[in-house]
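Trainee: Can we go through this model together? I'd like to start with the terms.
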Amino acid sequence: MPLEEKTGQRILVAAGLDSTSGRDGTTPLAIKTDFLNATDIGDTEIVAAVTGKKIRVLGWSLNNGGASVATVHFRSGATAICSTKDLAADGGGMVGALVQGFWFETVAGAALNINLLAAGTVGVDVVYVEV
């Protein structure tokens, strides 16, 4: 997929993508990335809410740096938006590679959170667009 650089952000210009992924009609959307290391039980915000916009996740990765199994899921505010992920201890990880569609999205105006069922250390990276 060709990418073009504009004002410091990578803009998706690949043909064939529609509003279910990297375009809003015919307008390319800025592809953004974020990451964090979640350590607390419960929700930790990955991407802040944007008024009137959904956060559509195009790709993600998780890595467990703790000594026990970590059970996590992504949430739209306080609502689960994917299945539960169990990560093996000491480096267990998962990757949701970039796809032409998307993995999941928040409702408009909600933050993208990760939820840990027990305290630990889980690294999370996301690739997303705001629609």
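Mentor: Start with burial. Buried means under 20% relative accessible area, exposed over 50%, and partly exposed in between (1.4 Å probe, protein chains only). This is a predicted model: local features need pLDDT of at least 70, side-chain atom pairs count only at pLDDT 80 or more, and totals for chains, interfaces and linings use all residues. Residues are numbered from 1 along each chain as its sequence is written, and side-chain values use heavy atoms, with hydrogens and water left out.

Trainee: How many helices and strands does the protein have?
Mentor: There are 0 helices and 14 strands. Both are DSSP runs numbered from the N terminus: helices are H or I with at least four residues, strands E with at least two.

Trainee: What share of the residues is buried?
Mentor: Of the 131 residues, 38% are buried.

Trainee: Which residues have the most contacts inside the largest nonpolar core?
Mentor: I46, L62, F74, L112, I114 and V126. That core has 21 residues. A nonpolar core is a set of buried Ala, Val, Leu, Ile, Met, Phe, Trp, Tyr and Cys residues joined through side-chain atoms within 4.5 Å. Elements giving it two or more residues include strand 5 (30-38), strand 6 (42-47) and strand 14 (122-130).

Trainee: And what is I46 in contact with, beyond its neighbours within four places in sequence?
Mentor: D34, L36, F74, L112, N113, I114, V124 and V126. Contact means heavy atoms within 4.5 Å.

Trainee: What about contacts across the whole protein?
Mentor: Take those between residues at least 6 apart in sequence: 71% join residues at least 24 apart.

Trainee: New topic. How many salt bridges are there?
Mentor: The count is 4. The rule asks for a side-chain nitrogen of Lys or Arg within 4 Å of a carboxyl oxygen of Asp or Glu. One of them joins E130 and K32, with the closest N and O atoms 3.3 Å apart. E130 is in strand 14 and K32 in strand 5, so this pair ties together parts 98 residues apart in sequence.

Trainee: Which residue does R75 pair with?
Mentor: D43, at 2.9 Å from N to O. R75 lies in strand 8 and D43 in strand 6, so the bridge ties together parts 32 residues apart in sequence.

Trainee: Is R75 buried or exposed?
Mentor: R75 is buried, at 15% relative accessible area. D43 counts as partly exposed, at 36%.

Trainee: What about K54?
Mentor: K54 meets E105 in a salt bridge, 3.3 Å from N to O. K54 sits in the loop between strand 6 and strand 7 and E105 in strand 12 (residues 104-105), so the pair ties together parts 51 residues apart in sequence. Shared partners join K54, R56 and E105 into one network.

Trainee: Where else does R56 show up?
Mentor: Over the face of F102, at 4.5 Å from the ring centre. The rule needs NZ of Lys or CZ of Arg within 6 Å of the ring centre and within 35 degrees of the ring normal.

Trainee: How many aromatic pairs are there?
Mentor: There are 3. Rings of Phe, Tyr and Trp (its six-membered ring) pair if their centres lie within 6.5 Å; planes under 30 degrees apart are stacked, over 60 edge-to-face, the rest tilted. The W60 and W103 rings have centres 5.8 Å apart and planes at 75°, so that pair is edge-to-face.
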